[in-house]
Amino acid sequence: MNSSDIKILLVDDEPDIIEIVGYNLRNEGYQVFTASNGQEAIKSAKKNNPHLILLDIMMPEMDGIEACEKIRKISSLENVIISFLTARGEDYSQVAGFEAGADDYITKPIKPKVLVSKVKSLLRRLKNESESDETFTIGDIVIDRDEYVVYKAGTRISLPRKEFELFSLLTSKPGKVFKREVILDTVWGNEVVVGGRTIDVHIRKLREKIGDDHFKTVKGVGYKFVLEGADK
């Protein structure tokens, strides 16, 4: 996919951010749409179907957290990549962002070149998605990499990208304990700084959606995926 085919929605209530970030993204050849609050972001996302949304948190009328939650409930946008771009760098803000369904969390201020690099890293997932046509089954679970969808006992379960990537990693080798640092490196990458609770938040959400018995915590080490009844 060429950069000119990629659509990015930039959402921020600060005109300077819209101007500077928008300029640098357009300079890379991306199509850039803008919005100044969460309500405008939802309308623009529905209309333009972006590949990536860069979303501020603190905005008038509707903040970024609520907007992210609402976007994740729109079926046509379930695979859009969402990253918060915000000055809120506290751990609890990051956790809230991931809880809302974000794929990433970028803290302002950030140099334009570094931001562009991070955007390119996020967009590589589009390439990985288009190259992958693998669908595989484990127990009563079917994992469709093309659609970022999981089927359990025939029931369709849609997962945000990070949850899907984490689930795919754990299920790639059932019974294997994946260390926390390996999970962070594989799913989030070395260039992304996330809070220590990020993995725990995503594991908890997977337990809620897939089933608690499938995920085992190895204290002080990491996590592993098991088939029900296989690791009692």
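This is a predicted model: local features need pLDDT of at least 70, side-chain atom pairs count only at pLDDT 80 or more; totals for chains, interfaces and linings use all residues.

Let me begin with Asp56, which the UniProt record, an unreviewed entry, annotates as a modified residue, 4-aspartylphosphate. Asp56 sits in the loop that leads from strand S3, residues 52-55, to helix H3, residues 64-72. Is Asp56 buried or exposed? Its relative accessibility is 4%, and because buried means under 20%, Asp56 counts as buried. Leaving aside residues up to four places away in sequence, Asp56 has contacts with Val11, Asp12, Asp13, Gly64, Phe84, Leu85, Thr86 and Lys108.

The second stop is Asn37, placed in the loop between strand S2 (31-35) and helix H2 (38-48), and this residue also counts as buried, at 4% relative accessibility. A polar atom of the Asn37 side chain lies 3.0 Å from the backbone nitrogen of Gln39, and a polar atom of that side chain lies 2.9 Å from the backbone nitrogen of Glu40. Beyond four places in sequence, Asn37 touches Val11, Met59, Pro60, Glu61 and Met62.

The last stop is an open sheet of 3 strands, ordered S10-S12-S11 with antiparallel pairing. Strands S10 (178-179) and S11 (215-218) each have a single partner strand, so one side of each is left without a neighbour in the sheet. Between S10 and S12, residues 222-225, there are 2 bridges, and Phe178 stands opposite Tyr223. Helix H6, residues 161-172, lies across S10, S11 and S12, at about 70 degrees to S12, while helix H8, residues 198-210, packs on the sheet, touching S11 and S12, with its direction at about 150 degrees to that of S11.

Conventions
Residues are numbered from 1 along each chain as its sequence is written. Side-chain values use heavy atoms; hydrogens and water are left out. UniProt positions are given in the numbering used here, feature names are shortened, and annotations may be inferred rather than shown by experiment. Helices (H or I, at least four residues) and strands (E, at least two) are DSSP runs, numbered from the N terminus. Buried means under 20% relative accessible area, exposed over 50%, partly exposed in between (1.4 Å probe, protein chains only). Contact means heavy atoms within 4.5 Å. A polar contact is a pair of N or O atoms within 3.5 Å; within protein, one must be able to donate a hydrogen and the other to accept it, and residues adjacent in sequence count only if both atoms are side-chain atoms. Two strands pair if DSSP finds at least two bridges between them. Axes are lines fitted to C-alpha atoms, for helices over the stretch in contact, and angles run from 0 to 180 degrees between N-to-C directions.
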